[in-house]
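Trainee: I am new to this structure. Please take me through how its parts are arranged.

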Amino acid sequence: MGIEFTYSQPVAIYFGQGRFRMLSQLLQEMEIDRCVLVCDPYFAPRAQQIMKENKAVCAVFSEVEPNPQLKGIIQVTELARKHQAQGVIGVGGGSTLDTAKFAAAIALDGGDAIDYYEGRRSFPARRLAMIAVPTTAGTGSEVTQVSVVSHGTEKKTINNPAFMPKAAIVDPELSSSVPPKVTMNTGLDAMAHALEGYWSVNHQPICDVLAIEAVRTVLNNLERAWRDGNDMEARSNMAYAALLGGMAFAQPKTAASHACSYPLSEDYHLPHGEACAFTLDSIVMLNADERLDYLCKAVGLEDCAALARRIRELKELGGLRTRLSQLGDVDVGKLAHDCAVHPLMKNNPVRLDETALVKMFEALR
Ligand SMILES: [Zn+2]
């Protein structure tokens with residue numbers, strides 16, 4: 001059978017060192033006169049400066065929590081409505097971008113955020129323009145229609161075209177102050193996105209190409225960026241890898257390693273990247289087949305075992321947790337069950353039921 005696929009990437013991507021300085025020009029081009037800037041707390045002083053210099057920025061919201069809560073989204077939505085904003089800019093890691101995406105999607109509608117979160121109301125066609133400016137190299141949130149949101153202790157991944165940003169400015173300079181551990185966590189998240197997009201049952205040719213290049217770039221640059229955060233070449237390459245990783249899974253979606261990351265984050269409080277990385281090398285081995293072997297060879301590795309080894313090395317180097325004993329009192333049966341029933345598990349090429357997952361986790365004791 002010949003090649004057949006559907007591919008679309010609707011986000012205008014502006015990539016390069018120093019390109020964040022084009023924000024004012026981009027707002028003008030997009031005819032945005034009033035907008036809300038959502039950012040990580042550490043970015044707040046610079047955001048205030050931006051607001052002073054650019055009158056299109058009417059308000060700043062910088063109280064985004066690490067696992068973004070619905071209440072932050074409600075606050076941004078209220079700000080956007082109050083200022084009759086035409087756009088929302090998100091500057092930060094995944095939590096900030098996901099908050100900005102959600103608020104931009106619902107602000108023009110009169111509805112309550114909780115109704116969208118619970119699925120009682122469908123997302124409106126009319127929404128605010130969203131500009132995504134990632135400051136960590138990992139989530140790929142700038143090119144996906146995914147928003148991961150928590151309400152109380154529940155954490156939900158909502159996948160909806162309404163969340164697709166209109167534009168993304170990817171400026172590696174913004175990631176220069178990211179601490180080494182976060183660099184490693186988010187870098188391995190980028191690797192997980194690329195691998196999962198590649199082995200997802202929904203994989204497709206263009207995403208495969210993006211995935212291979214993303215994995216190669218992470219392998220060649222993550223350790224460098226971790227060792228020296230001011231190595232701008234490594235930072236730039238990692239920002240590029242994260243972008244490609246995002247594009248590699250945006251359509252095929254992620255699979256087993258992300259499915260397992262949710263219970264690991266919810267019950268054992270691992271940050272997203274560390275939670276994905278926790279099982280990634282094990283799942284490389286469980287998913288090892290001819291296709292994955294092709295990727296490994298294409299990125300200069302001998303085989304799937306070499307890829308799994310390298311992922312483990314990077315985790316250990318970065319001080320990430322790699323064994324269940326480091327997570328406290330773990331109920332393996334419950335953990336395996338929660339991972340097995342996660343919807344993303346359906347995208348995995350190899351069926352991993354509770355028994356297979358108990359075996360995988362037992363080997364990680
Ligand atoms: Zn991820």
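Trainee: What distance separates the centres of domain 1 and domain 2?

Mentor: This is a predicted model: local features need pLDDT of at least 70, side-chain atom pairs count only at pLDDT 80 or more, and totals for chains, interfaces and linings use all residues. Residues are numbered from 1 along each chain as its sequence is written. Domain 1 covers 12–175 and domain 2 covers 180–362, with bounds from an automatic or database domain assignment. Taken over C-alpha atoms, their centres are separated by 26 Å.

Trainee: Which class has 10 residues on the side of domain 1 that touches domain 2?

Mentor: 18 residues of domain 1 contact 23 of domain 2 (C-beta atoms, placed from the backbone, within 7 Å). Ala, Val, Leu, Ile, Met, Phe, Trp, Tyr, Cys and Pro count as nonpolar, Asp, Glu, Lys and Arg as charged, and the others, Gly among them, as polar. On the domain 1 side, six are nonpolar and two are charged; the class with 10 is polar.

Trainee: What is the radius of gyration of the protein chain?

Mentor: The chain has 14 helices and eight strands; these are DSSP runs numbered from the N terminus, helices being H or I of at least four residues and strands E of at least two. Its C-alpha atoms fill a box of roughly 55 × 50 × 45 Å along the principal axes. The radius is taken over C-alpha atoms, and the globule rule is 2.2 Å times the number of residues to the power 0.38. For 365 residues a compact globule would be near 21 Å, so the chain agrees, at 20 Å.

Trainee: How is α6 oriented to α7, and why?

Mentor: Axes are lines fitted to C-alpha atoms over the stretch in contact, and angles run from 0 to 180 degrees between N-to-C directions. Helix α6 (180–199) packs on helix α7 (205–227) at about 160°, axes 8 Å apart. That makes α6, relative to α7, roughly antiparallel (over 145 degrees; under 35 is roughly parallel, 65 to 115 roughly perpendicular, the rest oblique).

Trainee: How many nonpolar residues are in the contact of α6 with α7?

Mentor: In α6, the contact residues include Met184, Gly187 and Leu195; in α7, they include Ala211, Val218 and Trp226. Three residues of this contact are polar and one is charged; the nonpolar ones number 15.

Trainee: How is α9 oriented to α13, and why?

Mentor: Helix α9 (256–268) and helix α13 (332–340) have axes that come within 8 Å and cross at roughly 130°. That makes α9, relative to α13, oblique.

Trainee: Which residues of α12 meet α11?

Mentor: The axes of α11 (290–298) and α12 (304–317) come within 8 Å and cross at roughly 65°. From α11 come Leu292, Asp293 and Cys296; from α12 come Cys304, Ala306 and Leu307.

Key: Contact = placed C-beta atoms within 7 Å.
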